[in-house]
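Look at the model, then work through the questions below.

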Amino acid sequence: MRLGGDLRRIAATAAIIGLSAASVLGGAQLLAQRAAAVPAPPGAPITPVSVVQVAEQPGYAVTRRFIGQVEAPGRIDLGFELAGRIVAILAQEGDEVRSGALLARLDSAALEAQRGVLVAERAALAADVELARLTRARDDQLARGGFRSESARDDSRLAVVRLAARMAALDAQIAGVDIQIAKSAIAAPFDAVVGGRLVDPGQNIGAGAPVLTLFEQASPQIRVGLPIGLAGRLAPGDAVAVEIEGQRLAGRVLRLRSDLDPVTRTRGVVVALPEDARLAFGQTGSLLLEEVVAEPGFWAPVAALREGGRGTWTVLAIARGPVGETVAPIAVEVIHMAGDLVFLRGALGESARIVARAPSRVVPGQTVAVLVE
């Protein structure tokens, strides 16, 4: 029995609270209506107010920012294929170099000396080859007259073949030394900007050790990670906006990665930037993308908002009163802010007019003079 009484009391209390809330909401609307209907007292001043006309919109656009880094289209660390001592570095940090330009050299004196020995050996061998050919020609002539045996003729013919083979081997050795000499120098593989010099002349380095860092001298680009849904809306060639250090730049989507970053779970997008943009590689920028939020409401100036009770907000709507136009408060909900505008949701009619900027002395029900902005 006691439990049943407690349940009845709880139900009665809930009903009272619900009726109270309804009464408060209904009372707020009723007060607004009465304020609009109450005529201004005789001789009351008519305050001028700025008014804007608002209309309900199906939604609003939000600009979302995605952080990325500026990078060069190509970046490489150049080094020698051979170990050795550096004798010259011909480019400094920040230099602009053309494709094929000589950038650094190793000491190749030993290779040059080795090549000289091989060239001398080849010259001596060339003389032996010439002598062998002359001997073969004489043996052929003597053999035709019966004064030379066939075996002697074969010996002179094979001597020419052996010497020609030795000549080819020497030519191969010289070519190998030439390749080593060529690899003792490094050249720019493309038009580039020198990003860093990692060694100094006189230093001994191992094969493959980086000497210079090069950035390809072409249009810079920015790499950004996007959520899968937003990345799917883009395609190569699409025009996008990028902001770097407060500067708005026109970008173009170059490519989208087909995989996801395992850490951020985002999809990489590479955007080309204007070639004349004065940017530093590694600089941080933002890719700006607009996203439409389907939320009905209307735009109004931030200055039109008035703080209500318990954290609520209102705007003053223009209403027709007995002696002119008056203002009435309308409760609104702030959905989104963008600069000096705010997107609101509230019970406003079609093409309603609200006070854009009202003096603080304007109160609900007061007769006003409308100044359209």
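Q: In the hairpin of β12 and β13, which residue takes a positive phi?
A: This is a predicted model, where local features need pLDDT of at least 70, side-chain atom pairs count only at pLDDT 80 or more, and totals for chains, interfaces and linings use all residues. Residues are numbered from 1 along each chain as its sequence is written, and side-chain values use heavy atoms, with hydrogens and water left out. The hairpin has two residues between its strands, and a positive phi near 50° falls on E245.

Q: How many bridges pair β12 with β13?
A: Strands are DSSP runs of E, at least two residues long, and helices are runs of H or I, at least four, numbered from the N terminus. Two strands pair if DSSP finds at least two bridges between them. I244 has Q247 of β13 as its bridge partner. Strands β12 (residues 239-244) and β13 (residues 247-260) run antiparallel, and their bridges number six.

Q: Is Q221 buried or exposed?
A: Q221 sits in strand β11 (residues 221-226). Its contacts (heavy atoms within 4.5 Å), leaving aside neighbours within four places in sequence, include E71, R255 and A272. Buried means under 20% relative accessible area, exposed over 50%, and partly exposed in between (1.4 Å probe, protein chains only). The relative accessible area of Q221 is 3%, so Q221 is buried.

Q: Which residues touch the most other members of the largest nonpolar core?
A: A nonpolar core is a set of buried Ala, Val, Leu, Ile, Met, Phe, Trp, Tyr and Cys residues joined through side-chain atoms within 4.5 Å. L226 is in contact with residues including F66, L234, V269 and L287. Of the 21 residues in the largest core, those that touch the most other members are L226, L234, V269 and L287.

Q: Which residue in the turn between β19 and β20 has a positive phi?
A: β19 (residues 324-338) and β20 pair antiparallel over six bridges. M337 has V342 as its bridge partner in β20. Two residues lie between the strands of this hairpin, and a positive phi of about 65° belongs to G339.

Q: How much space lies in the second largest pocket?
A: On a 1 Å grid over the protein atoms alone, a pocket is an open set of points where a 1.4 Å probe fits, with protein on both sides within 12 Å along at least five of seven lines; lining residues have an atom within 4 Å of a point. The lining includes E96, V193, E216 and F281. Grid points are joined across faces, edges and corners, and the volume is the space filled by probe spheres set on the points. That volume is about 380 Å³.
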